[in-house]
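Hello,

I am passing a structure on to you, and my notes on it follow below. Please have it open while you read.

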Amino acid sequence: MNSGFLAAKKIADMADRPTAVFCASDMVAIGLISGLKREGISVPNDISVVGFDDIEIAEYCDPPLTTIKQNRNGLGRAAAEQLLAQLGARVAKPDNILELDVHIQERESTTVLAPSTVD
């Protein structure tokens with residue numbers, strides 16, 4: 001949370017601020033939103049914020065956080081299967097890459113901007 005809170009000051013001081021920020025975790029995003037509010041920057045009116053994890057508190061912060069939701073059960077299962085495979089085969093590294101689905105949990109920390117038109 002602290003890294004997001006500290007990043008808010010840097011963003012507030014930018015001459016050309018981003019319109020959106022994607023954070024590596026919901027905790028960082030929550031800290032960022034708090035810091036942006038302190039700097040007088042409105043989320044999502046001035047800047048959209050997206051987190052990653054969909055932790056329980058994400059739904060209850062102000063504004064409720066838009067976030068990327070992981071398949072935690074699938075992730076845990078895949079990790080256990082990889083570990084067991086490595087232990088059984090005495091393999092140093094897995095030889096495959098596993099991709100798990102994620103989805104966006106849209107809440108109120110983001111806004112959609114109309115695409116600009118080119119004349």
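K37 is partly exposed, at a relative accessible area of 39%. Here buried means under 20% relative accessible area, exposed means over 50%, and partly exposed is what lies in between, with a 1.4 Å probe and protein chains only. The areas themselves come from the Shrake-Rupley method with a 1.4 Å probe, and for residues only the protein chains shown count as cover.

Before going further, a word on what you are looking at. This is a predicted model, in which local features need pLDDT of at least 70 and side-chain atom pairs count only at pLDDT 80 or more, while totals for chains, interfaces and linings use all residues. Residues are numbered from 1 along each chain as its sequence is written, and side-chain values use heavy atoms, with hydrogens and water left out.

**Salt bridges**

What does K37 pair with? K37 forms a salt bridge with D62, and their closest N and O atoms are 3.0 Å apart. K37 belongs to helix 2 and D62 to the loop between strand 2 and strand 3, so this pair ties together parts that are 25 residues apart in sequence. D62 is exposed, with a relative accessible area of 55%. The term salt bridge stands for a side-chain nitrogen of Lys or Arg within 4 Å of a carboxyl oxygen of Asp or Glu. By this rule the count comes to four salt bridges.

Two others share D54. One of these joins D54 to K69, with the closest N and O atoms 3.7 Å apart. K69 is in strand 3 and D54 in the loop between strand 2 and strand 3, so the two are 15 residues apart. K69 counts as partly exposed at 34% relative accessibility, whereas D54 is buried at 11%. D54 also forms a salt bridge with R107, where the closest N and O atoms are 3.0 Å apart. R107 sits in the segment after strand 4, 53 residues from D54. Both D54 and R107 are buried. Through these shared partners, D54, K69 and R107 are joined into one network.

**The overall layout**

The chain holds three helices and four strands. Their order from the N terminus is α-β-α-β-β-α-β. Helices (H or I, at least four residues) and strands (E, at least two) are DSSP runs, numbered from the N terminus.

Of the 119 residues in the chain, 30% are buried. The accessible surface of the chain is about 8,300 Å², and carbon and sulfur atoms account for 54% of that. Among contacts between residues at least 6 apart in sequence, 69% join residues at least 24 apart; a contact means heavy atoms within 4.5 Å.

The four strands form an open sheet in the order 1-2-3-4, with mixed pairing. Strand 1 (20-22) and strand 4 (102-105) stand at the edges with a single partner strand each, so one side of each has no neighbour in the sheet. From one strand to the next the twist averages 15°. Two strands count as paired if DSSP finds at least two bridges between them.

Going across the sheet, you will find these pairings:

- Strand 1 and strand 2 are parallel, over three bridges, and F22 stands opposite V50 in strand 2.
- Strand 2 (residues 48-52) and strand 3 (residues 66-70) are also parallel, over three bridges. V50 stands opposite T66 in strand 3, and G51 has T67 as its bridge partner there.
- Strand 3 and strand 4 are antiparallel, over four bridges, and Q70 stands opposite V102 in strand 4.

How much of strand 2 is buried? Four of its five residues are, so strand 2 is largely enclosed by the rest of the structure.

**A patch on the surface**

Finally, have a look at M1, M27, I57 and Y60, which make a nonpolar surface patch of about 440 Å². Patches are made of residues with over 30% relative accessible area and no salt bridge; like charges are joined within 9 Å and nonpolar side chains (Val, Leu, Ile, Met, Phe, Trp, Tyr) within 5 Å. M1 is placed in the segment before helix 1 (2-12). With 47% relative accessibility, M1 counts as partly exposed.

Happy exploring, and best wishes

Technical notes: Axes are lines fitted to C-alpha atoms, for helices over the stretch in contact, and angles run from 0 to 180 degrees between N-to-C directions.
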